[in-house]
Amino acid sequence: MIEKKIFNDTATAFRLKSDLELNRALLLFNVMGIPSLIKPGILLTKFSLKAKLPIQPLIKNTIFDQFCAGTSKDDCKPVIKEMHEVNLSSILDYSVEGKKTEEEFDSAFRVKKDLIKFAKEETEIPFAIFKPTALGSFEIWHKLSSHVNLDDKEKEEWEKTKARVEGLCEEAHKQGVRLYADAEESWMQDAADDLMEEMMEKYNTEKALIFNTFQCYRWDRLDYLKELHTKAKEKGFKIGAKIVRGAYMEKENKRAKKYGKKSPICESKKATDLHFNNVLAYCLDNIDDIAVFIGTHNEMSNYLAVQIMEDQGIAKDDPRVWFSQLYGMSDQISYNLASKDYNTAKLVPFGPVKDVVPYLLRRAEENSSVEGQTNRELNLLRREKQRRKVAPEAS
C-alpha cells in the first residue's frame with residue numbers, strides 16, 4: 001500500500017525539472033493564485049492576439065512551456081521519451097479549440113487519426129484522445145441532445161460529424177489503440193454519450209478500446225454508469241470509462257440559473273468528491289466489465305483507488321486501470337505513482353502557440369478557481385526549491 005506521505009516526495013515529483021523550470025512554475029502558479037489578475041490577464045491576452053501584437057514569444061516561454069510539450073507531435077518526442085524513462089507514459093492531445101468550419105473539422109479528424117497511428121508506433125503512448133466538438137459544431141451536438149428536429153442541411157452535417165467519430169473509433173480498433181472522447185458541456189453531452197455508447201457496443205466486444213468520459217461533478221453520472229453497465233452486460237460489450245470531476249462548473253450553474261432549471265452539478269465540493277469516489281469504486285468493483293481511466297488531481301481519490309485495487313487484488317499494472325494528470329500539474333501524484341509501478345500517464349497538449357491559447361487560458365482560469373489546487377502546487381514547488389538549496393548535489 002502507498003503511504004500517504006508519498007505525494008510529499010518532491011525529489012521524485014520534480015526530478016525532471018531544471019532549476020529554471022522550477023522557478024518558472026513557481027512564478028506562474030503564484031500569478032494563478034491571485035484570481036483578481038486572471039480575468040484581466042485573459043482579456044488582455046485575447047485583445048493582444050486580436051490586435052496582432054507580438055506577444056506569442058512571451059506566451060511560448062511562460063504558460064505554453066508549462067502546460068504544453070511542443071508545437072507538433074515530433075516536437076513533443078523528447079519530453080515523451082524523458083518521462084517514459086521514469087515509467088511515466090504520455091497521451092498526446094492536439095489542443096486546438098473553437099474551430100467551426102467543415103474544413104477545420106476535417107483537418108482535426110486527420111490530425112487525430114494520425115495521432116492514433118502515432119500511438120500505435122510509440123510504446124510510450126497508451127491512449128489517443130479526441131474532443132467531440134473538434135469533429136463537428138457545438139450547435140449540432142446541442143440540437144441532437146435537445147431532440148430538436150434537424151433540417152436537411154443539419155442532417156448532412158450530423159452524418160459527417162458521426163462519420164468522423166466512427167472513423168477514429170474504427171482506426172483505433174484496427175490499430176489496437178485505446179481511444180477516449182472528452183466530455184464537454186451537459187447540454188451537448190447526451191448526443192455524445194449516445195454515440196460513444198454505440199461505438200463501445202461495436203468495438204469493445206473483447207476488451208475496452210473505446211472510452212467515454214464521465215464528469216462526476218454531475219450528480220447523475222453514477223446512475224447513468226449503472227444503466228450503461230446493465231446494457232453492456234445484456235449486449236456483450238465492455239465499458240471504457242474515463243472519470244473526471246469536470247471543467248465547466250461555473251458555466252453549467254450560470255446556464256441552469258438563466259433557464260430556471262435544476263443545476264446538473266453536485267451541490268457542493270464535498271458532494272462532488274463523494275460522487276467521484278463512488279463512481280471510482282463502482283468501476284473498480286466491476287473491473288471485469290469496466291476499464292477505468294482515473295483522471296484526477298485529487299490526492300485522496302488517488303489513494304482511494306490504490307486502496308481499492310489492493311483490496312480487490314487488482315495488480316498495479318493491470319491494463320484496465322490507468323491514472324492520469326495534466327502535463328504541468330500535480331507532478332507529485334504522477335511521478336510518485338509511476339515510481340511505484342502503477343499505470344500512469346500525463347495528458348500532453350501540443351499545437352501552434354496561437355491556436356492553443358484558448359486551452360491555455362482555460363487552464364489558467366480553472367487553476368485559479370479550483371479550491372486549494374494552486375496553493376498545493378505552490379507549497380510543493382517551494383519545498384522542492386528549499387530542498388535543492390539544502391542538498392544541491394541531490395538535484
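Which residues does K316 touch, not counting residues up to four places away in sequence?

## Contacts of K316

In this predicted model, K316 touches M309, K340, D341, Y342 and N343, leaving aside residues up to four places away in sequence. The side chain of K316 also has a polar atom 3.2 Å from the backbone oxygen of K340.

## Setting of K316

K316 sits in the loop between α13 and β7 (321-326). Its relative accessible area is 39%.

P358 is 42 residues from K316 in sequence. In space, the C-alpha atoms of K316 and P358 are 36 Å apart.

## Packing of α12 and α13

Helix α12 spans residues 269-285, and helix α13 spans residues 299-312. The two pack at an angle of about 25°, with their axes 10 Å apart. Angles under 35 degrees count as roughly parallel, so α12 is roughly parallel to α13. Their crossing is right-handed.

From α12, the contact is made by F276, N277, L280, A281, L284 and D285. From α13, S301, L304, A305, I308, M309 and Q312 take part. By class, the contact has eight nonpolar, three polar and one charged residues.

Notes. Residues are numbered from 1 along each chain as its sequence is written. This is a predicted model: local features need pLDDT of at least 70, side-chain atom pairs count only at pLDDT 80 or more; totals for chains, interfaces and linings use all residues. Side-chain values use heavy atoms; hydrogens and water are left out. Axes are lines fitted to C-alpha atoms, for helices over the stretch in contact, and angles run from 0 to 180 degrees between N-to-C directions. Helices (H or I, at least four residues) and strands (E, at least two) are DSSP runs, numbered from the N terminus. Angles under 35 degrees count as roughly parallel, over 145 as roughly antiparallel, 65 to 115 as roughly perpendicular and the rest as oblique. A crossing is left-handed if the near helix is turned anticlockwise from the far one by less than a right angle, and right-handed if clockwise. Contact means heavy atoms within 4.5 Å. Ala, Val, Leu, Ile, Met, Phe, Trp, Tyr, Cys and Pro count as nonpolar, Asp, Glu, Lys and Arg as charged, and the others, Gly among them, as polar. Buried means under 20% relative accessible area, exposed over 50%, partly exposed in between (1.4 Å probe, protein chains only). A polar contact is a pair of N or O atoms within 3.5 Å; within protein, one must be able to donate a hydrogen and the other to accept it, and residues adjacent in sequence count only if both atoms are side-chain atoms.
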